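Subject: Structure for you to look at

Hello,

I am handing over the structure we spoke about, and below it you will find my notes on what turned up. Please read them with the model open beside you.

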Amino acid sequence: MSLLREASSRLWSIRSSEQVALAKRAAQITAELQQGVTRPYKNVIDCSWGDPHREGLNPLTFVRQVVAACLYPSLLTSEVLPVDVQLRAKGLLGECGGGSVGSYTSTAGIPKIVQSVSEFISQRDGAVPSSPENIFITLGSQRSLMMVLKIFVKNEGTIQTGVLSPVPSYPYFNMALSMQGGVMVPYHLCEEQGWKLKVDELSRALHAARGHCNPMALYVINPGNPTGQVQSRKSIEDVIRFAAEEKLFLLADEVYQDSVHDPKCEFVSYKKVLFEMGPPFSSSVELASFNSISKGYFGECGLRGGYVEFVNLDPTVMGHVYTLFSMDNCAAVLGQIILDIMAHPPQPGDPSYPTFSEEVRAIQDTLASNVQRVQTVLGSLPGISCQPIKGGIFAFPQLHIPPCAIQQAKEAGMEPDVFYASRLLEETGLCVGAGSEHGQSEGTHHIRLCIATPTENMEEVLNRLSTFHLSFRSHFS
Amino acid sequence: MHRLPSSANRSLIAGAVEQYRALVMRPKSQTIRKESVRFKTQGPMESYGLKRYSTAEATVPATSKIREKTLTMETLNPQVKAVEYAVRGPIVMKAEEIEKCLREGGKQPFTEVIKANIGDAHAMGQQPITFLRQVVALCTFPELMDSPSLPEDAKARAHRILQGCGGTSLGSYSASQGVDCIRRDIAAYIEQRDHGVPADSENIFLTTGASDGIVSILRMLVSGQGASRTGVMIPIPQYPLYSAAIAEMEAVQISYYLDEDNSWALDINELHRAYQAAKKHCQPRVICIINPGNPTGQVQSRKCIEEVLHFAYEENLFVMSDEVYQDNVYAPGCEFHSFKKVLYEMGPEYFNSVELASFHSTSKGYTGECGFRGGYMEVLNLEPEVKAQLVKLRSVQLCPPVSGQAAMDVIVNPPRPDEPSFSCFQQEKTAVLGALAEKAKLTEEILNSVPGIQCNPVQGAMYAFPQLFIPPKAVEQAKALGMQPDMLYCLRLLEETGICLVPGSGFGQRDGTYHFRMTILPPKDKLNVLLDNLRDFHIKFLKEYGTLEVPRG
């Protein structure tokens with residue numbers, strides 16, 4: 001056993017990703033600090049994850065009260081919980097088998113909650129209809145994406161299934177695609193134009209890929225991760241038209257739909273635009289759109305909940321999709337409950353409404369002010385350029401790394417941005433994501449920071465980053 | 001037989017992971033450069049797409065302005081088409097339809113659908129274990145720490161779990177392998193359960209129910225083409241997750257039949273037979289065992305486990321032991337032995353070489369918390385490089401629900417005798433398991449009193465899997481309808497009585513035999529009604545098809 005363990009840890013250090021190595025190093029430093037080792041900082045701040053609670057934002061009280069009451073219904077009689085919490089919990093328990101969150105649910109989720117989600121979508125999209133039959137509640141968007149990939153990505157046969165995927169991107173999507181045996185067809189977002197998605201680039205990528213693989217789908221992230229752009233309606237229309245012409249299945253990752261910071265931008269769903277374009281588009285373009293309880297102001301990543309809505313899926317195919325999803329039995333019930341709250345949050349007049357809306361507003365204000373601060377501070381630093389953060393929960397600034405630093409990184413066998421990130425961690429205790437995890441154009445270097453964090457923490461992040469950046473530049477200039 | 005002692009020399013799945021090469025973050029010198037982008041996760045372009053490029057030109061369809069669907073029955077992944085999942089199959093969909101009809105005031109010859117199709121204890125009225133719910137509620141809403149109505153031991157457990165969570169919130173992602181302190185608790189639990197056999201928390205992976213772990217391990221094991229394609233030995237009857245996953249991955253199913261005449265015992269000669277027969281057309285790499293059995297309810301003897309492990313050792317098979325019913329053993333004289341413990345007792349040559357993955361879950365046992373989607377697996381003797389691949393594979397799913405992890409923690413770390421919640425916990429646990437034992441006996445007895453139904457003892461787990469005599473005329477009619485005879489039987493039963501069972505054909509059975517699976521979970525009064533109605537239906541069914549003469553075997 002001990003031999004195995006040794007071998008295993010050796011392997012970790014050789015073959016794991018830089019991001020995993022950074023996270024491990026961050027944990028090590030934290031442990032050392034706790035043991036009293038002195039460093040020029042008193043704690044490690046990790047803003048490499050998109051994990052709001054880890055970054056210090058609080059869960060919404062109403063959400064946690066309802067979940068706790070569902071878990072332990074004795075709380076319903078104790079009068080410590082507001083009436084609307086009790087009502088919601090009782091209502092939801094009534095929808096669970098045997099009145100318990102410990103029961104399995106239907107494959108697509110608790111029917112009442114699927115219905116709620118469907119209503120939420122219809123309301124969000126104006127007059128566009130949404131049918132509960134097309135919605136599956138899952139263990140979060142990542143799970144939804146994996147399931148949807150399984151449907152059409154064949155891992156056998158003579159030619160691989162290709163999926164167009166943005167650069168920079170959400171790396172776990174590409175990992176899921178690889179795992180399923182598909183191949184990523186990269187299309188570049190245009191950084192100079194605020195990470196704009198351009199159809200001519202889609203077209204270039206697609207044609208370059210044809211002949212090498214069979215591109216069947218197009219993956220878009222709107223608002224962008226890690227890039228923070230928000231697509232305009234016009235841009236979405238162009239993408240839909242392109243997908244229609246090229247017969248691509250659209251995968252719209254819309255988990256940041258609640259996080260739009262630029263008042264001039266608005267989140268418009270792919271589904272809404274598709275329907276408003278009318279036939280033949282609205283009746284033919286196949287779309288799967290994804291949403292989650294992990295992002296927005298809920299930030300409930302650990303409870304794992306999300307949904308996928310299918311549009312224009314062939315009904316026979318849909319039957320097989322059902323069977324495939326049923327292999328998971330069902331999504332975790334607590335995640336489903338939170339999805340219900342997301343779909344139907346407390347309304348004005350409800351006892352919990354004041355607290356709920358105050359908490360939501362506070363988070364939104366925090367994010368908005370963080371965006372401002374990040375842009376101001378990064379904008380004032382030499383050798384960093386950051387495109388406007390219009391949505392999402394990340395900043396993805398470009399670093400202009402001095403040539404001798406790049407040289408030194410090469411000698412150390414590291415990507416320059418990983419080199420930068422690991423020095424940043426060692427010297428200031430700040431852990432950020434490396435751009436190379438997400439993909440970036442050749443010769444450019446980036447880092448990713450999560451901005452879903454309390455203001456004080458954001459300031460501390462920016463302080464550490466600025467101080468480090470200036471000393472890094474002077475060291476290597 | 002000469003064997004190399006080193007575990008590295010008997011890695012079964014080292015050759016099975018090519019498809020995960022893509023998931024290995026490459027050392028920098030190998031970074032892919034394509035279309036002037038560095039993208040570490042883009043692996044397949046380079047690592048296993050190349051051989052396919054040669055045939056590419058011929059098959060890409062021409063672009064057309066008239067849009068047809070991208071995803072049709074022709075383009076659907078054929079492996080998805082092959083998947084069947086009986087426990088949530090047509091009969092269950094039909095049951096949901098009938099329930100909906102009843103809710104909307106529709107007329108049926110019964111007032112409720114009794115779902116005895118799935119091991120869903122709470123849906124059948126079993127009460128949750130108070131302590132478990134208290135701990136998870138406290139984790140969810142820590143303001144309750146100030147509440148005098150919750151016991152201190154529950155608060156201490158919750159506090160400890162939250163300390164292990166990012167930002168001390170259940171809402172943060174955990175490491176993909178699971179929360180550290182929970183993995184340590186699981187390892188300690190396993191050591192205790194197995195009377196001191198060492199367990200290492202580095203070998204524990206929290207999962208989303210046991211199914212998720214089972215699928216992950218199978219994914220690691222399936223590789224090869226033609227005669228080198230991975231063969232997976234599964235019991236027949238089996239839990240349909242196995243056959244569904246095998247179909248989805250296009251592995252080769254190797255059926256070994258459990259011995260119905262011997263209370264569904266596993267017969268080692270049958271393993272040899274199945275293995276030898278399969279070896280001609282595939283590469284058997286893994287044997288799956290479900291103990292206690294689902295749907296068959298047998299509990300494996302220690303001797304039988306030893307035989308299986310010896311067989312796996314000799315034939316270089318990876319062992320997957322599905323032990324989610326380890327707390328559900330009812331029959332006198334039966335006892336649960338973990339595969340790991342037996343392996344240890346067989347000596348270091350076995351314990352240090354046989355690759356084993358064992359699975360547990362929050363959904364069964366005395367807690368029955370299916371909705372939490374909690375579980376874990378323990379792996380043994382995995383080659384380090386392979387284990388790193390497993391970690392990577394698991395990380396693609398981010399992490400299992402942290403609430404399910406917390407529930408798992410309570411199961412492996414229940415109240416101790418000196419703690420305030422101990423007596424209540426103990427009483428609840430005993431009551432649940434006692435009732436299950438009683439219902440297991442009752443189900444077996446009543447079923448055996450019906451002409452044309454024969455039921456083996458329900459030694460463990462949560463199901464009876466009796467054999468049905470279906471009259472030849474009914475068999476013919478089923479054939480004419482294009483369905484399995486036991487499907488016809490179960491559909492009629494559902495439509496006439498509201499009882500929802502799963503036909504044996506969904507689990508696999510010997511040709512010409514028919515079964516159904518029913519859970520023993522309904523409360524005793526409801527179970528009695530269910531069994532009475534089932535008996536009446538069965539007799540009516542026999543009469544209708546002109547036979548009351550039933551061959552008893």
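How many salt bridges are there between chain B and chain A? Please keep in mind that this is a predicted model; in it, the count between the two chains is one salt bridge, and the side chains that meet in it are those of B:E248 and A:K150, at 3.3 Å from N to O. The side of chain B that touches chain A takes its largest share, eight residues, from helix α15 of chain B, which covers residues 384-395. Sorted by kind, the residues on this side of chain B are 50 nonpolar, 37 polar and 28 charged.

As for the interface as a whole, 115 residues of chain B are in contact with 127 residues of chain A, and the two chains bury about 10400 Å² between them, with 58% of that area on carbon and sulfur atoms. There are also 25 residue pairs in polar contact between chain B and chain A, counting pairs with both residues at pLDDT 80 or more.

I also looked at the second largest pocket, which holds about 1600 Å³ of space. It is lined by 43 residues, of which A:S106, A:P111, B:E96, B:E99 and B:R103 are the closest to its centre. Among the elements that give two or more residues to this lining are α4 (83-95) and α5 (111-124) of chain A, together with α5 (90-103) of chain B, and α5(B) gives the largest share, eight residues. The lining of this pocket divides into 19 nonpolar, 10 polar and 14 charged residues.

Best wishes

Note on methods. Residues numbered from 1 in each chain as written. Chains lettered and ligands numbered in written order. Predicted model: local features only at pLDDT ≥ 70, side-chain atom pairs only at ≥ 80, totals over all residues. Heavy atoms only, no water. Contact = heavy atoms within 4.5 Å. Buried area = accessible area lost by both parts, 1.4 Å probe. Salt bridge = Lys/Arg side-chain N within 4 Å of Asp/Glu carboxyl O. Polar contact = N/O pair within 3.5 Å; in protein donor to acceptor, adjacent residues only side chain to side chain. Helix = DSSP H or I, 4+ residues; strand = E, 2+ residues; numbered from the N terminus. Nonpolar A, V, L, I, M, F, W, Y, C, P; charged D, E, K, R; others polar. 1 Å grid on protein atoms, 1.4 Å probe; cavity = no way out; pocket = protein on both sides within 12 Å on 5 of 7 lines; lining within 4 Å. Points joined across faces, edges and corners; volume = space filled by probe spheres on them.
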